[in-house]
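Colleague: Could you walk me through this one feature at a time? I would like the general idea each time, and then the case at hand.

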Amino acid sequence: MTSNAKQGENSVPHPEVPGRPCSVAAALQLVGERWALLAIREIFYGNRRFDRIVRNTGAPRDRLAARLRALDEAGVVERRAYSERPLRFEYHLTEAGRDLAPVMRALLAWGDRWAVDTPPVAFRHRGGPGSEHDAEHDLDLTSTCRTCGEEVGSGGLTIDVRAPGWDQAGPIEDS
């Protein structure tokens, strides 16, 4: 693994992944296992202690411990002692972990639409001071381009492959 120099002191290791150079593959290598994502969900919900994370994910204790250890080593979560006798820890999201919020909301939205009959959780939003929307309402996410401000749909996207030796179809054959 290499480290992310752009993040400075909060560096996250870059995993080596086979096949196409891809940020999705690298991200999945770090956080793409079921128990890892469910542990992150619980920490987002404010459940930071191991027993609560186990209870709310249904994960086997040994597997969850291994996932939390890996997330800690990857810089996604950090362990903080909350008791010295006995020594006990709770888990907090790092900047890298907090940056997973849109991913988690996207998975939730996709699951609400395609994986369950009735959504079991909803995020609520209330606009800030000066907002037109001061009443709390269900959060309905969209993707908006920061450059032009337009809502992004798949029809307006193109792929610019920047990995040397690769194009959209795959590796470029040496001629």
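Colleague: Let's start with charged side chains: which residue meets Arg67 in a salt bridge?

Modeller: Side chains of opposite charge can pair when their charged atoms come close. Here, Arg67 pairs with Glu33 at 2.8 Å, N to O (a salt bridge needs a side-chain nitrogen of Lys or Arg within 4 Å of a carboxyl oxygen of Asp or Glu). Arg67 sits in helix α4 (residues 61–73) and Glu33 in the loop between α1 (23–31) and α2 (34–44), so the bridge ties together parts that are 34 residues apart in sequence. These element names come from DSSP runs numbered from the N terminus: helices are H or I with at least four residues, strands E with at least two.

Before going on, note that this is a predicted model: local features need pLDDT of at least 70, side-chain atom pairs count only at pLDDT 80 or more, and totals for chains, interfaces and linings use all residues. Residues are numbered from 1 along each chain as its sequence is written, and side-chain values use heavy atoms, with hydrogens and water left out.

Colleague: How accessible are Arg67 and Glu33?

Modeller: Arg67 has 26% relative accessibility and Glu33 has 25%. Arg67 therefore counts as partly exposed, and so does Glu33 (buried is under 20% relative accessible area, exposed over 50%, partly exposed in between, with a 1.4 Å probe and protein chains only).

Colleague: How many salt bridges does a search of the whole structure find, and which residues are linked in a network?

Modeller: The search finds eight, and the network joins Arg124, Glu136 and Asp138. The Glu136 to Arg124 bridge has its closest N and O atoms at 3.3 Å, and Glu136 belongs to the loop between β5 (124–125) and β6 (137–138). Relative accessibility is 44% for Arg124, 43% for Glu136 and 46% for Asp138.

Colleague: On to the nonpolar side: which residues touch the most other members of the largest core?

Modeller: In soluble globular proteins, nonpolar side chains tend to be buried together. In this model, the largest nonpolar core has 22 residues, with Ile40, Leu64 and Val76 touching the most other members (a core is a set of buried Ala, Val, Leu, Ile, Met, Phe, Trp, Tyr and Cys residues joined through side-chain atoms within 4.5 Å). Helix α2 gives the largest share, seven residues. Leaving out residues up to four places away in sequence, Leu64 touches several residues, including Trp35, Phe50 and Ile53 (contact means heavy atoms within 4.5 Å).

Colleague: Is Thr94 buried or exposed?

Modeller: Thr94 counts as buried, at 16% relative accessibility. This residue lies in the loop between β4 and α5 (95–98), and a polar atom of its side chain is 2.5 Å from the backbone oxygen of Gly75.

Colleague: Where is the cis peptide bond?

Modeller: Most peptide bonds are trans. The cis one here joins Arg85 and Pro86, with omega about -5 degrees. Pro86 is in the loop between β3 (77–84) and β4 (87–93).

Colleague: Finally, what is the mean pLDDT of the protein?

Modeller: The mean is 89, and 93% of residues reach 70 or more (pLDDT is the predictor's confidence in each residue, from 0 to 100). Over residues 5–9 the value is below 50, and that stretch has one contact beyond near neighbours in sequence. Where pLDDT is low, the predicted coordinates should not be read in detail.

Notes
Polar contact = N/O pair within 3.5 Å; in protein donor to acceptor, adjacent residues only side chain to side chain.
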